[in-house]
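Subject: Structure for your review

Dear colleague,

Please find below the structure that I am handing over to you. My findings follow it, and I would be grateful for your comments.

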Amino acid sequence: MTRVHNLGFPRIGHKRELKKALESFWSGEIDGMELEARAAQLRERHWRIQQTCGVELIPVGDFSLYDQMLDMSCTLGAVPPRYGFDGKEVDLATFFAMARGSSSQPAMEMTKWFDTNYHYIVPEFHEGMDFALRSERLFRQVREAQGLGLAPKPVIVGPITYLWLGKEKDLAAEAVHAPQHHHDDSACCGHGGSSAPAGFDRLSLLPKLLPVYGEILARLRELGVEWVQMDEPALTQDLPGEWLEALDRAYAELGKSAAPKILLATYFESVADHAQRLMALPVAGLHLDLRRAAQQRDAFLQHYPSDKILSLGVVDGRNVWRTDLDAALALVEPAAKSLGDRLWLAPSCSLMHSPVDLEQETELDDELKSWLAFAVQKLDELAMLARALDHGMEAVQGPWESARAAVASRRSSQRIHNAAVAARLDALGSDEGHRKNPYPVRAKAQRERFHLPLFPTTTIGSFPQTPEIRKARLQHRKGELSDADYRKAMEAEIAHVVREQERLDIDVLVHGEPERNDMVEYFGEQLAGFAFTRHGWVQSYGSRYVKPPLIFGDVSRPRAMTVDWARYAQSLSSRPMKGMLTGPVTILQWSFVRDDQPRERTALQIALAIRDEVKDLIDAGIGIIQIDEPAYREGLPLKRKDWDHYLGWASRAFRISAQVAPDDVQIHTHMCYSEFNDILPAIAAMDADVITIETSRSQMELLDAFAHFQYPNEIGPGVYDIHSPRVPTEAEMVHLLEKAERVVPAERLWVNPDCGLKTRKWPEVTPALEHMVAAAKAMRRRH
Ligand code: GLN
Ligand code: ZN
């Protein structure tokens with residue numbers, strides 16, 4: 001019999017119950033007992049659903065109140081000293097202080113979990129630190145599941161991945177240099193501040209870490225646990241040789257202890273390069289992601305050890321499409337032949353990256369709905385595959401047929417395929433999307449057109465999203481505010497933002513983006529080929545969930561999306577008004593993307609739609625256009641060997657969208673993070689006339705890389721951190737600009753905040769921008 005198991009289930013709840021419980025707890029409405037009770041209810045519901053779907057080994061420990069890596073840090077007693085914890089068990093107060101900061105201490109850093117949009121809390125390591133079992137959470141949940149008559153399979157992050165994803169910290173430097181950054185209100189992706197190298201290697205902590213893992217495993221065995229899942233997704237990245245050797249040592253040691261059977265789980269990419277090594281480990285089974293990397297199957301199947309089970313991930317845990325069951329069956333059949341009962345089936349990775357339950361989507365049309373599968377449906381698909389393997393096609397006939405019909409209808413649907421879009425893509429041929437003339441020629445034309453001063457000032461696009469703006473948008477959505485009244489309200493807001501900027505004497509203005517709920521959704525709603533769910537939430541971090549649009553078909557732009565607002569804003573001022581668009585890579589990256597064509601093709605379709613908008617903005621007299629690409633870096637593949645290919649099409653998609661701009665139209669782009677070093681050539685290849693970036697938190701250090709690389713075009717290094725309510729002084733910003741001027745010639749420097757201002761309040765924004773403009777003027781006077 002083929003066993004179906006699951007790597008993890010979404011924890012957020014059908015109705016986002018976990019978010020509500022957490023927020024009630026944080027606001028003091030409910031106490032810790034009540035929070036735990038609600039969490040237990042959710043766990044039980046999720047376990048029952050999985051049981052009903054035919055999952056035999058139920059994942060336990062995948063449920064976290066905030067983040068599974070943070071849970072692991074607590075279990076291992078890796079609580080940074082600044083939280084003053086020295087108890088036997090990490091309590092909720094300490095746990096949430098680490099996650100979100102407290103009145104006296106900033107939160108721990110957060111960063112993206114591999115190439116997903118999920119953020120984990122980065123473990124902090126310091127030299128000579130000790131580990132000790134400091135949480136009973138996992139064991140309690142195991143007993144909880146057993147109490148319900150279930151067979152739990154605890155899930156923990158393996159020691160190699162745990163260390164790999166953490167960061168060395170210098171405790172002495174920490175005291176002087178406490179990070180300022182609160183991430184709960186971050187508008188975008190900017191995380192991962194630079195930290196001074198701490199002068200030791202975190203891998204050296206492994207010998208101290210392993211005994212605690214040994215203790216965890218022994219405890220689980222005492223509880224009667226048969227299988228434990230140890231997640232080692234780090235193996236899909238380019239691990240250095242000493243890390244791979246450490247893997248051997250670690251599992252050799254853990255294999256010796258009185259442990260349950262270990263299933264070592266990898267996901268998100270291929271581990272074929274390590275096939276021999278993994279098959280030789282003293283573990284009882286391996287899990288492979290065949291959705292991301294089907295070709296790795298054969299590297300394992302040929303000589304798979306006879307004492308191990310093999311779990312194959314054939315249902316996509318990262319996307320929303322219904323599985324092509326025939327293709328999945330073909331993929332697992334050879335394994336079933338050679339492994340028999342030792343073959344297990346699973347989703348490719350934890351289902352936490354997928355929305356919970358399609359059944360809740362009552363507003364999607366039937367056809368589109370028939371193409372989708374969320375977490376619950378994915379488990380049904382696995383059960384069906386197992387049944388087909390075990391009992392033949394007769395056992396699954398009806399449901400299999402309808403699944404097959406749905407997949408076929410998606411393949412041929414007119415809603416997906418638009419001949420005009422295809423023709424347009426074909427017509428592009430190998431056009432690389434370069435503008436007519438190189439930057440120096442364009443810069444001259446732009447100087448003649450705009451006559452901007454040295455150190456021109458601008459902002460990144462959004463201004464505070466006040467409660468009134470949100471309310472108007474909501475009322476309009478509900479039909480309580482007419483189109484005309486909504487337009488009036490937004491125009492009033494735009495007029496206010498324009499007046500303020502003129503009063504502040506900013507050189508290049510923006511309209512403030514009051515009409516945008518979200519920088520991707522706003523465009524997705526107006527583009528063909530996109531759909532939206534009502535409940536398709538996935539966790540982004542902590543209690544923050546996102547509802548990505550679905551790109552299901554060829555993308556095109558039926559009509560202008562931003563031109564009226566831009567034209568109105570420009571009519572209010574004689575200063576240049578920046579048109580504001582979201583770039584193709586970011587729209588792609590923050591959506592569920594179709595899996596029936598390469599991502600790059602979808603990116604190019606979006607690029608052409610954005611290009612249409614660029615063209616219309618230009619025709620409406622807009623001379624400066626910003627195409628935001630905050631997700632440009634996060635699209636990077638997990639393996640370096642794939643980077644060039646990605647960066648090639650990503651930069652081309654950006655260029656294609658900007659290509660129609662004549663010399664005297666200035667194209668800006670914006671990215672809000674501070675890790676550029678390894679992709680600077682690809683940033684330069686975008687060939688934006690101006691790029692604005694986040695630099696204030698790294699105190700302009702980041703600019704050194706740009707200077708060293710001799711980045712050729714204009715740069716606006718952010719001079720103040722918009723993630724903090726703090727108003728920086730003029731002197732601070734002058735100081736940063738002086739630093740900037742030492743590495744980038746003044747003629748190519750702009751002055752702007754780190755990112756958009758939408759999460760800030762006016763009383764913070766106004767003085768900060770006053771100081772910013774004063775700083776720019778002070779710099780000008782010196783020239
Ligand atoms: N133009 C957007 C804004 O100002 C950019 C947001 C972002 O970089 N994530 O809000
Ligand atoms: Zn930004």
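The UniProt annotation "binding site", from an unreviewed entry, covers Arg 16, Glu 17, Leu 18, Lys 19, Lys 112, Asn 117, Trp 590 and Glu 634. UniProt positions are given here in the numbering used for this structure, feature names are shortened, and annotations may be inferred rather than shown by experiment. These residues are spread over 619 residues of sequence and also in space, up to 29.0 Å between C-alpha atoms.

This is a predicted model, in which local features need pLDDT of at least 70 and side-chain atom pairs count only at pLDDT 80 or more, while totals for chains, interfaces and linings use all residues. Residues are numbered from 1 along each chain as its sequence is written, and chains are lettered from A and ligands numbered from 1 in the order in which they are written.

Two of the annotated residues may be described further. Lys 19 is placed in helix α1; helices (H or I, at least four residues) and strands (E, at least two) are DSSP runs, numbered from the N terminus. Lys 19 has 17 C-beta neighbours inside 10 Å and therefore counts as partly exposed. A residue is buried if 20 or more other C-beta atoms lie within 10 Å of its own, exposed if 12 or fewer, and partly exposed in between, with C-beta atoms placed from the backbone. Not counting residues up to four places away in sequence, Lys 19 touches Ile 12, Ser 543 and Tyr 545, contact meaning that the C-beta atoms, placed from the backbone, lie within 7 Å.

Asn 117 lies in the loop between β3 (110-112) and β4 (119-121). Because Asn 117 has 19 C-beta neighbours inside 10 Å, this residue counts as partly exposed. Its contacts, leaving aside neighbours within four places in sequence, are Ser 540 and Val 546.

Helix α1 (residues 17-26) packs against helix α2 (residues 32-53) at an angle of about 175°, with the axes 9 Å apart. Axes are lines fitted to C-alpha atoms, for helices over the stretch in contact, and angles run from 0 to 180 degrees between N-to-C directions. The two helices, α1 and α2, are therefore roughly antiparallel (angles over 145 degrees). On the α1 side the contact involves Glu 17, Leu 18, Ala 21 and Phe 25, which meet Gly 32, Leu 35, Arg 38, Ala 39 and Leu 42 of α2.

Helices α16 (residues 419-428) and α23 (residues 599-619) pack at about 95°, with their axes 10 Å apart.

Key: Angles under 35 degrees count as roughly parallel, over 145 as roughly antiparallel, 65 to 115 as roughly perpendicular and the rest as oblique. Two residues are in contact if their C-beta atoms, placed from the backbone, lie within 7 Å.
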